[in-house]
Amino acid sequence: MGALGGASGLALAASLMMPVAAGAQQQAAPAGVIAPTPLSRAAVSPAVKATRTAHFKGDPLEGLNRKLFSIHTFFDRILFRPVAMAYKAVVPKIIRGGIRHVFSNIGEPVVFVNDMLQLKPKRAVRTVARFAINTTIGVGGLVDVAKTNGFKLPHHSNGFGNTLGRYGVGPGPYLFLPFLGPTDFRDLGAAPVDGAVLPVAVGFPFNRIEYQIPQGVLVGLDLRAESDSDLNALLGGAVDRYATLRSAFLQTRAAEVYALRHGDGASANPLDDPLADPAGGGGTSPEMTDPLTDPAASESQTAPSPSLSDPLVDPAAPSPAPGYQTGLAGP
Amino acid sequence: MIRVSGLAALLLAASTAAPATAQTSDPAGAPVQALDDGLLAIMKGGKALGISGRSAKIAPVVDRAFDIPLMTRLSVGPAWTTTAPADQTALVAAIRKLTIAQYAGNFDGWSGESFKIAPQVETRGTDKLVRTTLVAPKGDATAIAYRLRQNGGQWKIIDVFYQNSVSQLATRRSDFASVLAKGGAKALVTHLNQLSAKAAN
């Protein structure tokens with residue numbers, strides 16, 4: 001249960017990431033942004049050829065991605081996971097937490113820069129306050145005192161991928177990269193920007209490979225270890241692990257960017273938005289956007305799609321589905 | 001980068017929880033309340049009940065709270081209409097089994113967790129949204145929301161949202177699409193039953 005901590009489900013996605021890339025300054029940059037695009041088209045058409053798995057909209061590189069996912073999975077099994085779990089087993093929790101906090105704290109200036117770029121001054125101020133508190137009282141970031149009740153300034157993730165998303169840049173094709181995990185073109189392109197902030201603004205030691213590599217390894221190991229149970233729960237229940245992770249990642253990113261575009265707190269309460277009529281399709285509230293058309297209810301023009309933003313037309317199903325006859329649902 | 005949460009919770013990996021405090025008078029709140037109470041019961045039963053005991057206990061709760069047939073149809077999508085009736089029945093049964101197995105497998109212990117049900121229930125068209133929070137004594141709260149639709153005069157859960165962003169239904173559609181396209185309903189049933197078996201041991 002402990003692993004349920006954090007913030008967004010992105011973690012899930014992020015957990016697959018091993019930000020070994022030197023430039024991956026905190027934030028696992030790629031974990032970035034969304035895919036507001038409707039994913040499934042192919043899934044929609046009953047006439048999909050059995051031979052060829054139609055790729056989802058938003059994932060035109062599915063064939064390549066699946067290969068890369070297999071490669072990652074292989075290395076995860078023989079290398080990343082064993083090493084990460086050993087790290088967790090050997091290094092005391094308090095030390096692992098301290099290391100995690102230090103690197104997270106070092107990344108706060110990057111969060112701040114993006115808060116500013118997104119024109120979120122209140123958030124930026126909170127980020128500064130958090131950074132100041134943790135750097136001083138928190139002993140160089142070792143202890144996350146800012147999060148505690150006295151201050152109530154929890155960490156929030158932010159990166160240039162979010163900034164681009166906030167100003168309307170779409171995610172582009174989904175990508176799964178070994179070592180880095182799920183991402184998309186926008187987030188991947190944005191990652192070096194975040195990665196450059198400290199090396200450019202501060203310089204030493206952030207511009208040194210001798211710093212960047214250990215940082216990437218430690219952060220990656222810790223993230224992998226901490227996410228293990230969540231990852232197992234998500235993927236352990238999946239028929240198609242690749243597709244499940246992709247869906248979870250895209251939905252999470254979509255929600256994050258949605259929240260940025262629709263003002264503070266939108267993520268916390270997306271249903272503040274008007275609930276769109278299913279048939280109208282135009283809803284803004286993620287949870288209710290998809291009218292959830294019952295396929296058993298005769299013909300529908302619209303196809304269900306895995307993406308939250310996909311408007312599904314409700315054929316208004318008067319006729320009970322054959323499945324209802326099973327009586328399994330019980331009253 | 002320290003986003004150490006878990007979509008896992010999507011699958012309700014949350015292995016914890018305390019009495020659900022219901023504060024909504026909306027009829028759609030009832031099944032959610034029943035589910036939360038049921039989950040707390042099996043969490044508290046924990047190891048003593050065992051996986052089979054937890055399954056037996058949560059099964060009737062799942063049947064009452066969820067519209068499993070509709071969730072199945074929505075997960076399968078348009079392919080449902082071209083699926084043979086026998087396969088449809090098998091799919092519904094497989095989803096039911098998996099749902100029960102996952103709850104029984106994941107909610108296996110209690111360490112002070114509790115569920116809070118938000119008083120306001122939101123409505124759109126034919127559906128309602130009931131928000132809940134899984135509160136753990138340690139660690140962050142997890143938002144879990146339920147989308148409900150009426151069936152035969154009863155409000156039933158048709159989708160579960162993790163952290164306000166990840167829809168279980170959307171994830172399942174994505175999850176199932178490839179297997180359905182390649183092997184059809186029968187292949188999916190086989191896969192689902194394997195997952196249930198795995199979750200139940």
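Predicted model: local features only at pLDDT ≥ 70, side-chain atom pairs only at ≥ 80, totals over all residues.

Me: Which elements make up chain A?
Reply: Helices (H or I, at least four residues) and strands (E, at least two) are DSSP runs, numbered from the N terminus. Chain A has 11 helices and two strands. Read from the N terminus, the order is α-α-α-α-α-α-β-β-α-α-α-α-α.

Me: How do strand 1 and strand 2 of chain A run relative to each other, parallel or antiparallel?
Reply: Two strands pair if DSSP finds at least two bridges between them. Strand 1 (residues 174–177) and strand 2 (residues 181–184) of chain A run antiparallel and are joined by four bridges. A:Leu177 stands opposite A:Gly181 in strand 2 of chain A. The two strands form a hairpin with three residues between them.

Me: What should I look at in the loop between strand 1 and strand 2 of chain A?
Reply: Look at A:Phe179, which is found in that loop. A:Phe179 is not a glycine, yet its phi is positive, near 75 degrees.

Me: How is A:Phe179 classed, buried or partly exposed?
Reply: A residue is buried if 20 or more other C-beta atoms lie within 10 Å of its own, exposed if 12 or fewer, and partly exposed in between; C-beta atoms are placed from the backbone. A:Phe179 has 19 C-beta neighbours inside 10 Å and therefore counts as partly exposed. Over the chain, 56% of the 331 residues of chain A count as buried.

Me: How many residues of helix 4 of chain A are buried?
Reply: Helix 4 (residues 108–117) of chain A is mostly covered, with seven of its 10 residues buried. Among them are A:Val110, A:Phe112 and A:Asp115. The cover over these buried residues includes helix 3 (93–106), helix 5 (121–136), helix 6 (160–166) and helix 7 (185–201) of chain A. After helix 4 of chain A comes A:Leu119, with a positive phi near 60 degrees.

Me: Where is the cis peptide bond in chain A?
Reply: It joins A:Phe204 and A:Pro205, with omega about 0 degrees. A:Pro205 is placed in the loop between helix 7 and helix 8 (209–226) of chain A.

Me: Now chain B. How do its five strands form a sheet?
Reply: They make an open sheet in the order 1-2-3-4-5, with antiparallel pairing. Strand 1 and strand 5 of chain B stand at the edges with a single partner strand each, so one side of each has no neighbour in the sheet.

Me: What joins strand 1 of chain B to strand 2 of chain B?
Reply: Strand 1 (residues 114–124) and strand 2 (residues 127–135) of chain B pair in the antiparallel sense over eight bridges. B:Ser114 has B:Val135 as its bridge partner, and B:Lys116 stands opposite B:Thr133. The two strands form a hairpin with two residues between them, and B:Gly125 in the turn has a positive phi of about 55 degrees.

Me: How are two packed helices described?
Reply: By the angle between their axes and the distance between the axes. Axes are lines fitted to C-alpha atoms, for helices over the stretch in contact, and angles run from 0 to 180 degrees between N-to-C directions. The axes of helix 2 (residues 68–76) and helix 3 (residues 85–106) of chain B come within 9 Å and cross at roughly 105 degrees. Angles under 35 degrees count as roughly parallel, over 145 as roughly antiparallel, 65 to 115 as roughly perpendicular and the rest as oblique. Helix 2 and helix 3 of chain B are therefore roughly perpendicular to each other.

Definitions and conventions
Residues numbered from 1 in each chain as written. Chains lettered and ligands numbered in written order. Contact = placed C-beta atoms within 7 Å.
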